[in-house]
Amino acid sequence: MARPPGLDQMIAAFKRKEYRTAARLLNPLLQSHGNDPWVQVYAARLHEISGKRAIAEPIYRKLLQNTTSPNPKILNLARQGLERLERADRDRRKDALNKARKTVGGQGSQRNNAMFVLEPLPEGGDRQGAAQALARVFDLDTYSARLQIPSREWRVYRLGPLAELQIYEQELKAAGLSCFVAPIPAIQQTKVFQVRHLEAVEPQMVVVCENESGQLGRIQFGWDEVTSRTIGDLPLFASVVDLDARGKLMRREQMQDYAQIMDVHLGSRRTILRLVDSSYQFDQGVDFVPVAFLEEKNHQQVRPTRRTQWNAVTSFFDQQLPHAPARDQFDSFAASVSDRDDLLLDIKPHLLLSRRHENSIDSAFHLYSALIAWHQSSTP
């Protein structure tokens with residue numbers, strides 16, 4: 001294919017580093033031969049020199065993916081362009097990280113005081129582009145990076161100093177990937193009150209609850225103060241006697257039931273009101289279901305089950321809080337922190353459950369809920 005007229009003069013200007021002249025010569029070529037690979041590769045180069053990385057990179061990548069009539073020289077120029085962009089990114093990131101690490105007495109000098117959290121892509125999002133951005137920033141191959149991007153719920157991807165993680169956050173957000181950095185101390189400082197029962201629901205909510213010291217009191221709040229909610233089921237275990245392979249008696253723990261939990265977040269107060277089905281006092285305060293109801297089979301009056309009462313309580317909150325739907329993807333989140341003892345050991349679970357031994361799942365749930373509460377109240 002014949003080269004467009006004027007192309008050689010433009011290339012010569014590039015070689016002399018006369019970029020203003022090159023840009024002047026390139027403009028008419030873009031008008032007349034905008035799809036020509038030679039014109040495209042030098043247009044990308046000019047964007048690169050001008051600091052317009054976001055425009056240059058996709059042009060280089062598109063040229064590398066062109067399989068109809070590949071030109072080895074153009075492919076080489078596009079490959080070199082991507083390498084320069086990536087090298088510049090690494091150098092810029094390295095300088096920023098070094099500055100953060102040298103911060104004296106600031107957040108950048110503290111180890112593992114923050115979490116880097118990846119958010120799921122919106123429906124129809126560019127998963128490949130997000131994977132490429134994650135791979136570039138964290139020096140991964142694209143396939144591995146693609147597996148790290150969550151599909152349903154947040155994923156705690158990395159722990160580190162706040163100032164360092166914020167550098168990664170800025171780069172990935174600029175590339176269009178949803179993520180955020182949360183300071184661990186802010187999560188730990190969230191106040192938690194165990195709700196015993198609801199004393200009133202209008203004109204404002206009044207809950208009877210216990211603080212962390214077990215002191216009983218009341219909290220009054222308006223529905224508009226609720227910024228978010230979290231629900232989840234946590235396994236409960238019991239000690240059972242069983243036979244081992246040799247027929248001898250042995251004692252082991254077996255899952256017996258689930259504890260149902262609903263957290264109500266009061267964002268401006270940095271407070272979580274925690275309701276647990278096993279400790280909620282259904283026989284006190286507001287009645288959400290009748291004390292007795294008619295059973296259709298034998299027409300006898302019987303007390304509703306705990307599950308029936310719990311469902312009535314949660315349904316009431318659903319009706320009153322359409323602006324704060326409950327997040328319920330805890331299992332997906334838990335998978336991302338199941339092996340992070342360095343994180344979970346520092347998270348106090350604030351859960352009054354009957355446990356023979358501590359269970360990291362309790363800390364994982366509190367982290368999930370407190371992280372949602374913090375993020376909701378911290379997002380403009």
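In the exercises below, Ala, Val, Leu, Ile, Met, Phe, Trp, Tyr, Cys and Pro count as nonpolar, Asp, Glu, Lys and Arg as charged, and the others, Gly among them, as polar. The model is predicted, so local features need pLDDT of at least 70 and side-chain atom pairs count only at pLDDT 80 or more, while totals for chains, interfaces and linings use all residues. Residues are numbered from 1 along each chain as its sequence is written, and side-chain values use heavy atoms, with hydrogens and water left out.

**Exercise 1. The cavity**

Find which residues line the largest cavity and sort them by class.

Step 1: the term. On a 1 Å grid over the protein atoms alone, a cavity is a set of points where a 1.4 Å probe fits but cannot get out, and a pocket is an open set with protein on both sides within 12 Å along at least five of seven lines; lining residues have an atom within 4 Å of a point. Grid points are joined across faces, edges and corners, and a volume is the space filled by probe spheres set on the points.

Step 2: the search. Over the whole structure, one cavity of 30 Å³ or more turns up. The volume of the largest cavity is about 60 Å³.

Step 3: the lining. Look for Thr190, His265, Leu266, Gly267, Arg270, Thr271, Ala370, Ala373, Trp374 and Ser377. By class, this lining holds four nonpolar, five polar and one charged residue.

Step 4: the elements. Helices (H or I, at least four residues) and strands (E, at least two) are DSSP runs, numbered from the N terminus. Strand 8 (249-266) and helix 13 (360-378) each contribute at least two lining residues, and helix 13 has the largest share with four.

**Exercise 2. The largest pocket**

Work out which helix gives the most to the lining of the largest pocket.

Step 1: The largest pocket has about 430 Å³ of volume. Its lining has 22 residues, with Glu57, Ala133, Arg136, Ala174 and Ala175 nearest the centre.

Step 2: Two or more residues come from each of helix 4 (53-64), helix 5 (72-101), helix 6 (127-138) and helix 8 (162-174). Helix 6 gives the most, six residues.

Step 3: The lining splits into nine nonpolar, five polar and eight charged residues.

**Exercise 3. Strand 3**

Step 1: Buried means under 20% relative accessible area, exposed over 50%, partly exposed in between (1.4 Å probe, protein chains only).

Step 2: Cys179 counts as buried because its relative accessible area is 2%.

Step 3: Strands pair if DSSP finds at least two bridges between them. Strand 1 (residues 114-118) and strand 3 run antiparallel and are joined by five bridges.

**Exercise 4. Ser338**

Describe where Ser338 lies and what its side chain reaches.

Step 1: Ser338 is in the loop between helix 11 (330-337) and helix 12 (341-344). Ser338 is exposed because its relative accessible area is 51%.

Step 2: A polar contact is a pair of N or O atoms within 3.5 Å; within protein, one must be able to donate a hydrogen and the other to accept it, and residues adjacent in sequence count only if both atoms are side-chain atoms. The Ser338 side chain makes one with the backbone oxygen of Ala335, at 3.4 Å.
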